[in-house]
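Good morning. Please look at the chain on the screen while I go through it, starting with the whole and ending with single residues.

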Amino acid sequence: MGFLQAFGWDSITVIINGEELDCETEPMLINGRTMLPVRDIFFEAFGTEVSYEAETKTVMGLKGDKVIVLTVGSNII
């Protein structure tokens, strides 16, 4: 995929493979962790197809034969 950096002082700048990512939703710093918008990272930066299942609160990213599944509130990918 690529190399991801997030810097935060007054605002958070996300840089992937040397290029700044223009996020639709601003990244936030919560409890010392940088929270990034999944759609912007998956779709915009890596060209991944993204879907969301509201009933199960599951986000799925698909690119080629690779699948990433995230569930809102879970720390497991």
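**The chain as a whole**

In the protein chain, residues 24 or more positions apart account for 16% of the contacts with a separation of 6 or more. Contact here means heavy atoms within 4.5 Å.

Two notes on where the values come from. This is a predicted model, in which local features need pLDDT of at least 70 and side-chain atom pairs count only at pLDDT 80 or more, while totals for chains, interfaces and linings use all residues. Residues are numbered from 1 along each chain as its sequence is written, and side-chain values use heavy atoms, with hydrogens and water left out.

The secondary structure comes to one helix and eight strands. Helices (H or I, at least four residues) and strands (E, at least two) are DSSP runs, numbered from the N terminus. Read from that end, the order is β-β-β-β-β-α-β-β-β.

How much of the chain is buried? Of its 77 residues, buried ones make up 22%. Buried means under 20% relative accessible area, exposed means over 50%, and partly exposed is in between, with a 1.4 Å probe and protein chains only.

**The core**

In soluble globular proteins, nonpolar side chains tend to be buried together. A nonpolar core is a set of buried Ala, Val, Leu, Ile, Met, Phe, Trp, Tyr and Cys residues joined through side-chain atoms within 4.5 Å. The largest one here has eleven residues: Ile12, Val14, Ile16, Leu21, Cys23, Ile41, Phe42, Phe46, Val50, Val59 and Leu70.

The buried residues in α1 are Asp40, Ile41, Phe42 and Phe46. After α1 comes glycine 47, with a positive phi near 65°.

Take aspartate 40, which is found in helix α1. Is aspartate 40 buried or exposed? Aspartate 40 counts as buried because its relative accessible area is 6%. Leaving aside neighbours within four places in sequence, aspartate 40 is in contact with Leu21, Cys23, Glu24, Thr25 and Ala45. With one of these, glutamate 24, the backbone nitrogen lies 2.7 Å from a polar atom of the aspartate 40 side chain.

Glutamate 24 itself is found in the loop between β3 and β4 (28–30). Glutamate 24 counts as exposed because its relative accessibility is 73%. Its C-alpha atom is separated by 8.8 Å from that of arginine 39, 15 residues apart along the chain.

**The largest pocket**

Rolling a probe the size of a water molecule over the atoms shows where empty space is left. On a 1 Å grid over the protein atoms alone, a pocket is an open set of points where a 1.4 Å probe fits, with protein on both sides within 12 Å along at least five of seven lines, and lining residues have an atom within 4 Å of a point. Grid points are joined across faces, edges and corners, and a volume is the space filled by probe spheres set on the points.

The largest pocket holds about 810 Å³ of space. Its lining has 28 residues, and Met35, Leu36, Pro37, Val38 and Leu70 lie nearest its centre. Elements giving two or more residues to this lining are β4, β5, α1, β6 and β8 (66–71). The largest share, five residues, comes from α1. By type, the lining divides into 19 nonpolar, six polar and three charged residues. Here Ala, Val, Leu, Ile, Met, Phe, Trp, Tyr, Cys and Pro count as nonpolar, Asp, Glu, Lys and Arg as charged, and the others, Gly among them, as polar.

Leucine 36 sits in the loop between β5 (33–35) and α1. Leucine 36 counts as partly exposed because its relative accessible area is 25%.

**Two more residues**

Glycine 61 is in strand β7. At 3% relative accessibility, glycine 61 counts as buried. Not counting residues up to four places away in sequence, glycine 61 touches Phe42, Thr48, Glu49, Lys66, Val67 and Ile68.

Lastly, backbone angles. Most residues other than glycine have a negative phi. Which phi does lysine 57 have? Lysine 57 is not a glycine, yet its phi is positive, about 55°. Lysine 57 lies in the loop between β6 (49–53) and β7 (58–63).

Notes
A polar contact is a pair of N or O atoms within 3.5 Å; within protein, one must be able to donate a hydrogen and the other to accept it, and residues adjacent in sequence count only if both atoms are side-chain atoms.
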